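Please look over the sequence and the model shown here.

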Amino acid sequence: MKSFALTFAAIFVLATSVFAQNKYTLDKYHSRLAFSVKHMGISSVDGNFKSFDVTVTSSKADLTDAKVEMVAQVNSINTEIDKRDQHLQSADFFDAAKYPTLTFKSTSFKKVKGNVYKLSGFLTMKGVTKPIAFTVVHAAVKSPMDNKMHHGFAITGTLNRQDYNVGTSAFAAVVGNQVKLSAEVDFAQE
């Protein structure tokens, strides 16, 4: 009976280590969630979300089974001009009072080539959920500061703001429809 218990314990430990999920903690001091949109077709307005969180879990070393989730607080939108930020938070655009968050939940994280991946999932903004895909460039290094593996993701993609009812067509002459999205995120592997 004692050997059975030891065998069972050994199998349990082995199984949990093989199927363990690696968790990654977002380093908010070295991460940024940003966007860029054309103003009257002649210049770009850049902005970011000051308050956001991203979680990543994966059981594979190459991250091909990674699950990525992101939540950004709409009232943290920042374009360096308070009046514009307040307008973007209003019902004319994001309607932060009614829809306080933007969310993304991945459905796949596939290696394309080398350290380039395709991240697919669903983005929910202003109550509208649509599929979206991003290009991700991954880098990893062991930090001399905390002796942990750190993973960096440079993420890029585009969306049409009209697909999410962000800004009415009345703003089409002033605000471009195509919005470039970018994120630089740093994670410490736990």
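## Valine 116

Valine 116 sits in strand E8, which covers residues 116-125. This is a predicted model, and the values given in this report are computed from it. With a relative accessible area of 26%, valine 116 counts as partly exposed, because that class lies between the limits of 20% for buried and 50% for exposed.

Valine 116 can also be placed relative to valine 136. The two residues are 20 residues apart along the chain, and their C-alpha atoms are separated by 5.7 Å.

## Two residues with positive phi

Glutamate 80 is not a glycine, yet its phi is positive, at about 75°. Its place is the loop that runs between strand E6 (77-78) and helix H2 (82-89). Is glutamate 80 buried or exposed? Its relative accessibility is 66%, so it counts as exposed; the limit for that class is over 50%.

Aspartate 95, another residue other than glycine, has a positive phi near 55°. Aspartate 95 belongs to the loop between H2 and strand E7 (101-113). The relative accessible area of aspartate 95 is 17%, so this residue is buried, the limit for buried being under 20%.

## A nonpolar surface patch

Which residues make the nonpolar surface patch of about 300 Å²? They are Met40, Ile42 and Val174.

Methionine 40, one of these residues, is in the loop between strand E2 (32-39) and strand E3 (43-49). Its relative accessible area is 47%, so methionine 40 is classed as partly exposed.

## The largest pocket

The volume of the largest pocket is about 770 Å³. Its lining consists of 43 residues. Nearest the centre of the pocket lie Ala34, Phe35, Phe49, Val179 and Leu181.

How many residues of the lining are nonpolar, polar and charged? The lining of the largest pocket has 36 nonpolar residues, 4 polar ones and 3 charged ones. Strand E11 (residues 175-189) supplies the largest share of this lining, with 7 residues.

Terms used:
Residues are numbered from 1 along each chain as its sequence is written. This is a predicted model: local features need pLDDT of at least 70, side-chain atom pairs count only at pLDDT 80 or more; totals for chains, interfaces and linings use all residues. Side-chain values use heavy atoms; hydrogens and water are left out. On a 1 Å grid over the protein atoms alone, a cavity is a set of points where a 1.4 Å probe fits but cannot get out, and a pocket is an open set with protein on both sides within 12 Å along at least five of seven lines; lining residues have an atom within 4 Å of a point. Grid points are joined across faces, edges and corners, and a volume is the space filled by probe spheres set on the points. Helices (H or I, at least four residues) and strands (E, at least two) are DSSP runs, numbered from the N terminus. Ala, Val, Leu, Ile, Met, Phe, Trp, Tyr, Cys and Pro count as nonpolar, Asp, Glu, Lys and Arg as charged, and the others, Gly among them, as polar. Patches are made of residues with over 30% relative accessible area and no salt bridge: like charges are joined within 9 Å, nonpolar side chains (Val, Leu, Ile, Met, Phe, Trp, Tyr) within 5 Å. Accessible areas come from the Shrake-Rupley method with a 1.4 Å probe; for residues, only the protein chains shown count as cover. A salt bridge is a side-chain nitrogen of Lys or Arg within 4 Å of a carboxyl oxygen of Asp or Glu. Buried means under 20% relative accessible area, exposed over 50%, partly exposed in between (1.4 Å probe, protein chains only).
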